Amino acid sequence: MNGNQACAEGSLAAGCRFLGFYPIQPCFEIVQHFADRCVDVDGTFIQMEDEISALAAVLGASWAGKKAMTVTSGPGFSLMMEHVGLGVMLETPCVIIESQRFGPSEGYPTQAGSGDVMQSRWGSHGDYEIITLSPNCPQEMFDLTVRAFNLSERYRLPVVVLADKAVGSMVEAVIIPKAEDLRLKKRKRYSGPKGKYLPYEYDKDLVPWMVKAGQGYRFHVTGLTHDEKGYPVMNAKCQEWNVHRIINKVRLFSDDIIDYEEGYTEDAEVLVVCYGSVSRAAVRAVRQVRKEGIRAGFFRLKTLWPFPEQRILELARQVRTIIVPEMNYGQAFLEVDRCSRGKAETIFVHQDFPKVRSGVDIINAIRKADVKA
Amino acid sequence: MDKIIEAFHDGINKSGRDREKMCMVTDIAYDPEVVDYLGVDLFHTNRGRAIAFATGMKLSNPNLILAVFIGDMATLGGNHFVHAARRNMDLFVVCVNDFRYRKVAAQETPGDFSRLEFSSYCSIEQPLNLPHLARSNGAVYVARWTALHHEDLINSMAEALPQAGFKLIEVISPKPELLEFFYLNSEIKHGEDTAKVGIEEDKKIVVGKFVERERETFIDAYNKQHYKVLGDKFIKIAAE
Amino acid sequence: MKALEAVEKQEEIPPTEHPMDDVLRMDRIPHIWCPGCGIGLAVTAFVNALEKMQVDLDKVCVVSGIGCTGRVAGYIKTDSFHTTHGRALPFATGLKLGNPDLKIVVFSGDGDIVSIGGNHFIHAARRNIDILVICVNNFIYAMTGGQVAPTTPRSAYTTTSPFGNFETPSNIPQLAESAGAVYVARWTSLHMRRLTQSIIEGFQKPGFSMVEVISPCAMYYSRINKLGLGIDMMKFYHDNSVIKHGEPTENLDIGFQSQIIVGKFVDRERPTFSELYKGWKKEVKTVKRES
Amino acid sequence: MKADPKNVFTGSHYIDGDVACAYGAVAAGCKYLAGYPITPSTEAAEAFAVKAPYVGAQFIQMEDELGSIASVLGASWAGKKAMTITSGPGFSLMMETIGLGAATETPFVIINIQRAGPSTGVPTSTGQADMMQAKWGSHGDYEIIALAPESPQESFELTFKAFNLAERYRVPVMVMSDECVGHMAEKVVIPNAQELEVEPRRYFTGSKKDYKPFKRDKDLVPWMARAGAGYKLYLTGLTHGEDGRPIFDVKTFEMKSKSLRGSTNRYLVDKIRHNRDKIIKFEEHQTDDAEVVVVSYGISARVAIKAVKEARESGIKVGTLRLVTVWPFPEKRIEELAHQVKGFVVPEINYGQVVYEVDRCSQGRANVILVPHGGAAVHDSDDILGAIKQAATDHNPYDRILEYTTALEREVFGENMVSKI
């Protein structure tokens, strides 16, 4: 099974029953697979007139009570930006699968890239925090899609899965667990008396309770700054109340969200921080230089946002050099550079052309760093 | 070379318009050879924004002749289409209708769902009647042909290019093996009421020239209104 | 009389139940609309229609975009959504497909529905999604301070057409009809009873229905163009509107202070998206079973 | 080239920041504005619409922001200096086409009058939360220039400068004003046309056959051509080579990239990084002996003045660094200062955006304190003062950016507010 199919399977396994989309390369296969399978599970899919409406429809479906997602790629994701903001403001759970392509604008529609890392965090206007996951193999396309739904339901946020063409078209064995083995998070539902419901009343976890449209709670939600009732209130206090919570519901629980994989870090002197499809080459490179006796380790980000600041700092204290290979001109690198706080030297290894890496440049960078020491 | 581009080439010749002044704005990635073949400037914008892009060009340099080729059945750019027609912006729009997103879903869909094709002309949904939409929003010239109506298409293009205002030619151009089928299943009805030219299953496709009329263009209306109010103080927009 | 006596005796008037209490969010009143605005009337017509139809209000959702009319959702006591500019229709589409039992009303302004949301409007109409659209047309962007709208009549003044508007205005009923709406009507906010009736018809009709409400903007449109107060504009509408049911929609252009043709123009049958989707699904299932 | 006197409304005006932006654009020779009404940026469009017919400029109100920005790109290629004016949500809609503008290296200006977000937020109040979006909002890698004015006078000057930068580097330039500056009416002095230097468009002058739209000079900036002048342009957002034609074949692309000749993707980033010293502008005060430096921009910089003054009076050696160009970021200067100072205080009307850059550039050598604000109002200068005091007295290095708890937060959430990280 390839990554795209695994992703569609993952979404269905996680209970996604609504897909709003607009066709775009290179993630169209996800839609095809979803469309193919959704008839069996009574799901709905609709091709909207553009990506703007695709995400708007997904938000609508989510409020109607469905788990919903959209699938897109770079240019489409850029169009969705306004509604990412609306999703954050209305606190609507939904999942955005984004298959990155190479370059700005149309770029290389058929080639993988990872230039949307910062965009997924900062792309919409205003202040918000978001969760972004980065799979590196078809199995993870499945697992992280499921996790994306869980996180979005738990934190009531749009969650972005940053895949790319390479991972999407990669064919590998994917183990789909039994339905009962999948741990699915349920939406935090309100079930109190009808007159008492406040759409934005929250408790310790900073997440408000949600209801479905048509249950008789007669709630109001708005993209304007709102109070507990969901009514617009336009003052600095209310704005503070909103933004502070929207941001801290992720920041405070970032330890629960952050997920990463480490290898050989116990004694590492050179650390490779990587994510997505590049990480496959990076991990390979680390294994190879280990054979040469270079003490290298890797740190693979599964969640790009929130960023594992603390762990990077701990590792920066321990290692001498941190190498960040990316398929862009420096995005996650900036965060690594920041979090290492000058404790370790940071080196960026970029790639100018859209080709899946062999890892040679990474190996060279590691060797160079080792020699320097 | 693409049949439509060929027709466009001959259409320009026949209309006698200056190629150097002509800009082609598209949201389809044409082969660069098209530029050399046609001898025009080509602007490949992002999906759906070709008409808006061309609007900006026209208003900045009214001497330009703008040919807009849109390929997505006005789905993403439907709004720009409607409003450019309403403003009667001086654009020559060719809508290449391939009944689906050729570049995206070229491969057959999995399983036996031959009906699962993704486009406005998608068979789950009802198709958009683009000529009718254009007419009702104020286009001055509306025609539809299949790509195989070569001569008619050339004539239509030559006829529409010199006119002032928003012109639409819809060209039905599905994948090559279906071209002939559509050609044979079409009937020419000039001046047909656009409300009746919607493409439906088991019905012949109506082609022909449906609308030809005159309306004040955006730039004329702009100049007229401002002259009326400001008199000599008004400075017209002109090329730099 | 009781109230009058109370006033005389300087007693406090006990709050009585308003007939619209159940449908309006009384805790949000007073509303934001200016004196002389027609949006309140359109809301009244809508609320009256809901009460007349005796629908289950729990199953009604009101979705709005941004703008003066965009605030309607916040005052109606059903599940109500105030979304982004122009995107009320796609949001409503998702809501409808997510839960087909809901009855969805999109209540928004001309800028929201025809200008920025124009694409969603034509495509929702083409798909024939089962939604009622109430489009309040006040010829101007009022919330942002009176800019030219696609519906502004020619030669009208606005802040961004300081020398008179020169663009041809949109004809909303014609746009709706040519895109495939099954029910199209237009009334001014003065035609209370007829408007209510149209809303009822549109609401009950399966498919994409659109009711345009011509409403005065006393604050910007009328002030800039020196047309008097809201009441003067109402009066003008009263004197200059002509009811012509079934009029071809191409004749419905509105000029500056010209006659306004109102009435019900389109009432036809087309299969809705949900029906087609259901049919498709059935077909696919049989194909799958056979293979 | 000097500015055209017809376009410059010389004199002393009492106008707000939005109008000043419009006047600055007209003075710079902007001849095309496509806008869509959105609070709080509409005044700029209105002012331009009033002036346009007198100076031969075109104002058009498009059907949406997507159309506005696309038509601005078109206008730019047709030979006019062009801009659009918007605010938060509109800015988000423009993201895709900003990417096209960056990829095709189209000079144009976007004025973003920021408001409190996310989503619709508080349309009528201020915010500074689109700063990161300006740099990162569109997909893929590219670099832009962003300027942040602090007053109506500067709105005029920076809008003027934005056009010059856009023409000079063939790049989208953003003027990141905010509602407070935009709606603040102050004295704006517009100088004589002779005093204003306008950067003319860098048109290609050689023979038509030799023209390549993405062939670069030493500064890595390519030359422009007019549409409809017989150059047979092919312009595309697809990854393209020097001649502007898309490279569909990855191998060719790889080859060209290696020889550092063909591909433009890399240059989109490099041309700004290469020229950043020429672009970057900031203002420093009293940093020579400073122990604490307040790094700020836009309206926050003005609010900080009071706090800095009070801090100096109470004996704290504090200086200020005001970013005029936020992007590209003055990395070098911050790094230099980090060696010298104990801490940076960054007041922003958001929950941390530019502060990340300050933190990164200081490389753990100085503490970084963020004074956050949710938006819809400006900071209380006492909060900034408090943060300055904390930075001056705290000698332990922090592990991360410290978020200062503001009075407003305490008021909204009470003393036992959810603990901060």
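Predicted model: local features only at pLDDT ≥ 70, side-chain atom pairs only at ≥ 80, totals over all residues.
## Chain D

Chain D contains 15 helices and 17 strands. Its radius of gyration is 22 Å, close to the 22 Å that the globule rule gives for 421 residues, so chain D is as compact as a globular protein of that length. The C-alpha trace of chain D spans about 70 × 50 × 40 Å along its principal axes.

Of the 421 residues in chain D, 67% are buried. When contacts in chain D between residues at least 6 apart in sequence are considered, 77% join residues at least 24 apart.

## Contact between chains A and D

Chain A gives 62 residues to this contact, and chain D gives 65 residues. On the side of chain A that touches chain D, two or more residues come from each of α4 (74-90), β5 (108-112), α5 (117-122), α8 (236-251), α11 (309-318) and α12 (332-339) of chain A. The residues on this side of chain A comprise 25 nonpolar, 23 polar and 14 charged.

Two packed helices are described by the angle between their axes and the distance between the axes. Helix α4 of chain B (residues 78-87) packs with helix α5 of chain C (residues 118-127) at an angle of about 105°, and their axes are 7 Å apart. Because angles of 65 to 115 degrees count as roughly perpendicular, α4(B) is roughly perpendicular to α5(C).

From α4(B), the contact is made by B:Gly78, B:Asn79, B:Val82 and B:His83; from α5(C), by C:Gly118, C:Asn119, C:Ile122 and C:His123. These residues divide into two nonpolar and six polar, with no charged residues.

Terms used. Residues numbered from 1 in each chain as written. Chains lettered and ligands numbered in written order. Contact = placed C-beta atoms within 7 Å. Helix = DSSP H or I, 4+ residues; strand = E, 2+ residues; numbered from the N terminus. Nonpolar A, V, L, I, M, F, W, Y, C, P; charged D, E, K, R; others polar. Rg over C-alpha atoms; globule rule 2.2 N^0.38 Å. Buried ≥ 20, exposed ≤ 12 C-beta atoms within 10 Å, placed from the backbone. Axes fitted to C-alpha atoms, helices over the stretch in contact; angles between N-to-C directions. Parallel < 35°, antiparallel > 145°, perpendicular 65-115°, else oblique.
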